[in-house]
Amino acid sequence: MKIVIVLAALIAIAVAAPAPNEHAEILKLDSNVEHDGYSFDVETSDGTSRHEDGKVKDFDSEHPAIVVHGTFTWKDEHDGKVYTVNYVADENGFQPTGEHLPKLPAIAHA
């Protein structure tokens, strides 16, 4: 079940990310995939950047899950502002933060 939540969070990240500029060029692309996690960095010529890393939590347990931390930044072509979203995706779902986003309510732990 946790993996389904994390996958849904990753899909939400992809949908929420700004649309790429079709004329932007990739300036940096680094990625690393290991047995217990991954990371990547991408920067494009239009000022968009994205970093993400995921680590397997409880690797040796019966129910391992991936905890993802990341950030993406882009310059809005309409208002010229630079926006940044930081996020965590874990057993508590997708949790984005950014100056332009409303604050998330605290999650009560049982």
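A polar contact here is a pair of N or O atoms within 3.5 Å; within protein, one must be able to donate a hydrogen and the other to accept it, and residues adjacent in sequence count only if both atoms are side-chain atoms. With that in hand, look at Thr-73, whose side chain makes such a contact with the side chain of Thr-84 at 3.0 Å. This is a predicted model, where local features need pLDDT of at least 70 and side-chain atom pairs pLDDT 80 or more, while totals for chains, interfaces and linings use all residues. Residues are numbered from 1 along each chain as its sequence is written, and side-chain values use heavy atoms, with hydrogens and water left out.

Thr-73 sits in strand β4 (strands are DSSP runs of E, at least two residues, numbered from the N terminus). Thr-73 is buried, at 16% relative accessible area; buried means under 20%, with a 1.4 Å probe and protein chains only. Leaving out residues up to four places away in sequence, Thr-73 touches Gly-47, Thr-48, Ser-49, Val-82, Tyr-83 and Thr-84, where touching means heavy atoms within 4.5 Å.

Tyr-83 also belongs to the largest nonpolar core, along with Val-68, Phe-72, Trp-74, Val-85, Tyr-87 and Ala-89. Such a core is a set of buried Ala, Val, Leu, Ile, Met, Phe, Trp, Tyr and Cys residues joined through side-chain atoms within 4.5 Å. β4 (65–75) and β5 (82–90) each supply at least two of its residues, and β5 gives the most, with 4.

Now to Asp-90, also in β5. What does its side chain pair with in a polar contact? Gln-95, side chain to side chain, at 2.7 Å.

Definitions and conventions: Buried means under 20% relative accessible area, exposed over 50%, partly exposed in between (1.4 Å probe, protein chains only).
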